[in-house]
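Reader: I am new to this structure and would like to go through it slowly. Could we look at it together, one question at a time?

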Amino acid sequence: MMSDVPPDRPSAPYRRPLDPVSSMRLKTGLAEMLKGGVIMDVTTAAQAVIAERAGAAAVMALERVPSQIRAEGGVARMAAPARIREIMNAVSIPVMAKCRIGHFAEAQVLQELGVDYIDESEVLTPADEFNHVDKHVFNVPFVCGARDLGEALRRIAEGAALIRTKGEAGTGDVVHAVKHLRQVFGAMRQLTVLDGEELSSKAKELGAPYELVRLVAETGKLPVPNFCAGGIATPADAALVMQLGAEAVFVGSGIFMATATEQAAPEDAARRARAIVLATTHFADARILLEICEGAPGAMRGIAVSTLAAEELLQTRGV
Amino acid sequence: MARNEQARHAGESGSGFTVGVLALQGGFERHRGCLERLGVRVRLVRTPADLQAIDALVIPGGESTAMLTLAGDRGLDALRRFVRERPTFGTCAGAILLARAVDDPPQPAVGALDISIRRNAYGRQPQSSIRLGMLGDSPLEMVFIRAPRIERVGPGVEVLAREGGDPVLVRQGHVMAATFHPELGDDTRVHQIFLETARNPFIDRLSARQA
């Protein structure tokens, strides 16, 4: 195993610090504590403070939010460490940061910086067309996106401690968040009625390790928490995905953006943030939800996902 | 009070005793699983009205700032009234919410437990750890996640468990708090202690009320 590693790749400090089981318990443990909550994309310390005051369970520190990346193009990379550190110093809640798919050196930098979670994210420009980061060798937990059960189980096999359905980031259109949640949950329900022989061929079809497929067939759920991301823009969107089975939500551009490129006024962003936080907790109570929706300011303008060309989609990166 | 005593009595005969788990945000699912494994009826609590239907409450880990925002002033008042009267157990963020004084940063709390607590005292997630502490005289595996530290324990507060010298499980009358996560392990002893506390009609509830 070690002989595969080039001698100058500094893997030693990142080897498993604990036995894998204990390490995974701590990593999924933090995800358990985020359940029922909202993780908000922020680009500045000021936005992070607005998010925390509105009741965010965590923030995601970014250079640009997905709608800006989509509009401006260019290569999207890990945020500057100084920016992330500023955000870490500004709030007491967990701070996550994104690395490019397969960019284990960005992940090493983020771990060294001390972030609480790394999102190996399709929103950034992938660094490796074929491989994801080997997340088992890191101390810091990883979250990864998935469109279906096969993707989710492949990421878990690589060491992801938390899955978020991908949706289509930066659009404010919830349609693919819904699609991906239904795909994951539908496939899990299906597994629970298959017999032993069928499970084996299903594992092949899903492109996922048999052991994980069997585990899902036995329990009917993923072995790690399952959150939702990509296009959530209103309190009702949050309630929708929570009722579909998401255990928490990531909101990216939906809080701090007015259009794809223009930021919302801070007071509007604060009210939107609070409304989405409340809706995520009270997702099953329509009476409270109505009150929340009545008090919420308008959502970002958004882009209908159906008008995007295939090559404009972020969700097809890193499957 | 009379209603409360009735509920408590029903609990002793094995039916009707319901433990609420505050589900504003955080680790409520694992607490529910743990309590259900112990044969207790569980109800998730999201509004002040939900507090009326339960006999005891667990406040889970999660983000205390998020829980405070979600509860609002009205929710925090309802929690204060509940905790004065009925058994409550807070873990991690729940312990922070129950404390008399909170540091890093200072923030409002229910104040039912005479302890001072410092948030994220061991560091961030990379410093989260699983350690062996002592529950009375017996070892107990403890999961600490971005854990707070109890820095002062008032005279009326019992220390039930320690880890490396730090108090990590404390009780004052019918109010209990842990800085670690008993719900993330298979060991149910800590939840059992809470249920025994909650069902004990002789527990000194006065001390917490005076606090």
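Reader: Which side chain meets that of A:E63 in a salt bridge?

Author: The model is a predicted one, and the rule for a salt bridge asks for a side-chain nitrogen of Lys or Arg within 4 Å of a carboxyl oxygen of Asp or Glu. For A:E63 the N to O distance is 3.8 Å. A:E63 lies in the loop between strand 2 and helix 3 of chain A and its partner in helix 4 of chain A, so the pair ties together parts that are 20 residues apart in sequence. The partner is A:R83.

Reader: Is A:T43, which touches A:E63 and A:R83, buried or exposed?

Author: A:T43 lies in the loop between strand 1 and helix 2 of chain A, and among the residues it touches are A:L62, A:V65 and A:I87. Buried means under 20% relative accessible area. Because the relative accessibility of A:T43 is 6%, the residue counts as buried.

Reader: What does the salt bridge between A:D116 and B:R124 join?

Author: The side chains of A:D116 and B:R124 come to 2.7 Å, N to O, and both residues are buried. A:D116 lies in the loop between helix 5 and strand 4 of chain A, whereas B:R124 lies in the loop between strand 6 and strand 7 of chain B, so the pair joins two chains.

Reader: Which element of chain B do the buried residues of helix 12 of chain A pack against?

Author: Helix 12 of chain A has 16 residues, which should span 22 Å at 1.5 Å a residue, and its end C-alpha atoms are 23 Å apart, which agrees. Its buried residues include A:A269, A:I276 and A:V277. Within chain A the buried residues pack against elements including strand 1 and helix 13, and from chain B they pack against helix 3.

Terms used:
Residues numbered from 1 in each chain as written. Chains lettered and ligands numbered in written order. Predicted model: local features only at pLDDT ≥ 70, side-chain atom pairs only at ≥ 80, totals over all residues. Heavy atoms only, no water. Helix = DSSP H or I, 4+ residues; strand = E, 2+ residues; numbered from the N terminus. Expected span 1.5 Å × (residues − 1). Buried < 20%, exposed > 50% of the residue type's maximum accessible area, 1.4 Å probe, protein only. Contact = heavy atoms within 4.5 Å. Lists of a residue's contacts leave out its neighbours within four places in sequence.
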